[in-house]
Amino acid sequence: MTAHVILYGTASCPYCTMAERLLASKGVTTIEKIRIDLDPAQRTAMMEKTGRRTVPQIYIGETHVGGYDDLSALNRIGQLDALLNAE
């Protein structure tokens, strides 16, 4: 079983798409997508929660991973699988 994944993103964000593809390659079948381009209140909530303005912003379980570059870096150093499989 994989951890719950939340992705704050927009429809036109290529890094959001790349993050989704990387997560899918790791066996993640369900991502809770929060579209901040459709709901300005969600953008505000994301910025308050993460301290960042850019998308994607990714949470795996309770852990704020950050953006696509952060997600990719975790994968490169071999820590993404453990995070995804944590209960």
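Predicted model: local features only at pLDDT ≥ 70, side-chain atom pairs only at ≥ 80, totals over all residues.
1. Let's start with Asp70, which is partly exposed: its relative accessible area is 30%.

2. What does the side chain of Asp70 meet? It meets the side chain of Arg52 in a salt bridge, at 2.9 Å from N to O. Asp70 belongs to helix 3, while Arg52 lies in the loop between helix 2 (40-50) and strand 3, so this pair ties together parts that are 18 residues apart in sequence. Arg52 is partly exposed as well, with a relative accessible area of 33%.

3. How many salt bridges does the structure hold? There are 4. As a bit of background, side chains of opposite charge can pair when their charged atoms come close. One of the bridges joins Glu20 to Lys33, and there the closest N and O atoms are 2.9 Å apart. Glu20 is in helix 1 and Lys33 is in strand 2 (residues 32-35), so here the pair ties together parts that are 13 residues apart in sequence. Glu20 has 24% relative accessibility and therefore counts as partly exposed.

4. Another of these bridges is between the side chains of Arg35 and Asp37, with 2.9 Å from N to O. Take a look at how open the two partners are. Arg35 is partly exposed at a relative accessible area of 33%, and Asp37 gets that label too, with 36% relative accessibility.

5. Now for helix 1. With 12 residues at 1.5 Å a residue, helix 1 should span 16 Å, and its end C-alpha atoms are 17 Å apart, which agrees. Cys16, Ala19, Leu22 and Leu23 are the buried residues to look for in helix 1. These four cover an arc of only 125 degrees around the axis, so they end up on the same side of helix 1. Turn to the other side and you find Pro14, Arg21 and Ser25, which are exposed.

6. What do the buried residues of helix 1 pack against? Their partners are strand 1 (5-9), strand 3 (57-60), helix 3 (68-76) and helix 4 (80-85).

7. Have a look at the end of helix 1, too. Ser25 is in this helix, which covers residues 14-25. Is Ser25 buried or exposed? Ser25 is exposed, as its relative accessible area is 56% and the exposed label needs over 50%. The Ser25 side chain also reaches back to the backbone oxygen of Leu22, at 2.6 Å. Just after helix 1 comes Gly27, with a positive phi of about 95 degrees.

8. On to the inside. The largest nonpolar core has 19 residues, and the ones that touch the most other members are Val5, Ile58, Ile60 and Leu71. Strand 1, helix 1, strand 3, helix 3 and helix 4 each give two or more residues to this core. Which element gives the largest share? That is helix 1, with 4 residues.

9. Leaving out residues up to four places away in sequence, Leu71 touches Ala19, Leu22, Leu23, Ile58, Ile60, Val65 and Leu80. Apart from this core lies another one of 6 residues, including Ile6, Ile34, Ile36 and Tyr59.

Methods
Residues numbered from 1 in each chain as written. Heavy atoms only, no water. Buried < 20%, exposed > 50% of the residue type's maximum accessible area, 1.4 Å probe, protein only. Polar contact = N/O pair within 3.5 Å; in protein donor to acceptor, adjacent residues only side chain to side chain. Expected span 1.5 Å × (residues − 1). Arc of directions from axis to C-beta. Contact = heavy atoms within 4.5 Å. Core = buried A, V, L, I, M, F, W, Y, C linked by side-chain atoms within 4.5 Å.
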